[in-house]
Amino acid sequence: KRQTSLVPHAPYSVSEELWNLIRPFFYDKTISIHNQETSFEDELFIQNTGDFLRMYQLMGIDNRFFRPTGKSSLQSFFYKLDNARHVILVHNTFTTETDIIYSSQLAAQSSQQLSWCLCINANLYIDNRVPPVDMLVKNECTLVLGTDSLASNWSLNLLDEMKSIQQHFPGITMQRLLQWATINGARALQLDHELGSFEKGKRPGIVLIDNLYDKGLTPHSTAKRVV
């Protein structure tokens with residue numbers, strides 16, 4: 001039986017009234033939310049300026065009710081996820097070390113698992129920026145891999161995400177990339193009892209990655225599902 005979750009899209013697209021309606025449904029669930037995908041997101045929450053105001057105007061959305069918090073986007077909404085079992089923050093392109101420490105401490109207080117989802121090819125498409133992978137690793141964050149959607153990505157293949165990460169962050173080992181793509185993702189979705197690693201009682205798929213060089217990916221590496 002698969003679990004389902006009712007999740008907010010992003011902090012700038014959920015009104016306070018909608019937050020209040022959906023928060024009770026977070027209990028014991030995995031909740032994902034787009035986080036700090038663009039620099040304009042923090043600008044909106046800190047001082048209520050920037051391109052999001054122009055977007056609301058173009059869409060005919062009356063945003064006069066909004067009051068800036070004077071804090072980053074992440075520090076303005078993360079506490080609202082306190083009763084979720086597992087939180088997945090998606091994108092994190094403009095996340096700072098202060099944000100990482102703040103959310104990690106809050107998650108620990110709630111005995112909550114926190115994962116940071118990288119969608120590097122979407123970030124390159126949207127802002128020509130990459131998430132602070134080295135900083136996330138330094139702070140011992142749990143990382144998982146995603147793709148966003150074809151609206152902002154040319155591929156929905158995790159291997160392409162792994163190639164881009166290794167290209168921009170050559171210090172990230174293949175072993176670490178595989179962990180992010182497999183068991184970390186399974187744990188984030190509360191499916192690690194069934195997927196993500198080779199253990200008795202589990203039924204994971206098997207993917208063969210060809211054309212490696214020196215234990216790393218190359219532009220010619222391909223992936224094929226075996227089982």
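Which helices each supply at least two residues of the lining of the second largest pocket? Select α1 (16-22), α2 (39-47), α3 (51-58) and α4 (73-77); helices here are DSSP runs of H or I with at least four residues, strands are runs of E with at least two, and both are numbered from the N terminus.

This is a predicted model, in which local features need pLDDT of at least 70 and side-chain atom pairs pLDDT 80 or more, while totals for chains, interfaces and linings use all residues. Residues are numbered from 1 along each chain as its sequence is written, and side-chain values use heavy atoms, with hydrogens and water left out.

**Second largest pocket**

The space in the second largest pocket is about 520 Å³. A pocket is an open set of points on a 1 Å grid over the protein atoms alone, where a 1.4 Å probe fits, with protein on both sides within 12 Å along at least five of seven lines; lining residues have an atom within 4 Å of a point. Points are joined across faces, edges and corners, and the volume is the space filled by probe spheres set on them. Of its 26 lining residues, select Pro11, Val14, Glu16, Phe65 and Phe66, the closest to the centre. The lining has 15 nonpolar, 6 polar and 5 charged residues. Nonpolar covers Ala, Val, Leu, Ile, Met, Phe, Trp, Tyr, Cys and Pro; charged covers Asp, Glu, Lys and Arg; the others, Gly among them, are polar.

Rings of Phe, Tyr and Trp (its six-membered ring) pair if their centres lie within 6.5 Å; planes under 30 degrees apart are stacked, over 60 edge-to-face, the rest tilted. Trp19 is buried at 2% relative accessible area, and Phe77 is buried at 1%. Buried means under 20%, exposed over 50%, and partly exposed in between (1.4 Å probe, protein chains only). Then select Tyr12, Phe52 and Tyr56, which ring pairs link into a cluster.

**Largest pocket**

Move to the largest pocket, with about 730 Å³ of space. Among its 24 lining residues, Ala181, Thr182, Gly205, Ile206 and Val207 are the closest to its centre. Its lining comprises 17 nonpolar, 6 polar and 1 charged residues.

**Ser152**

Finally, select Ser152, in the loop between β4 (142-145) and α8 (158-168). The C-alpha atoms of Ser152 and Ala122 are 5.2 Å apart.
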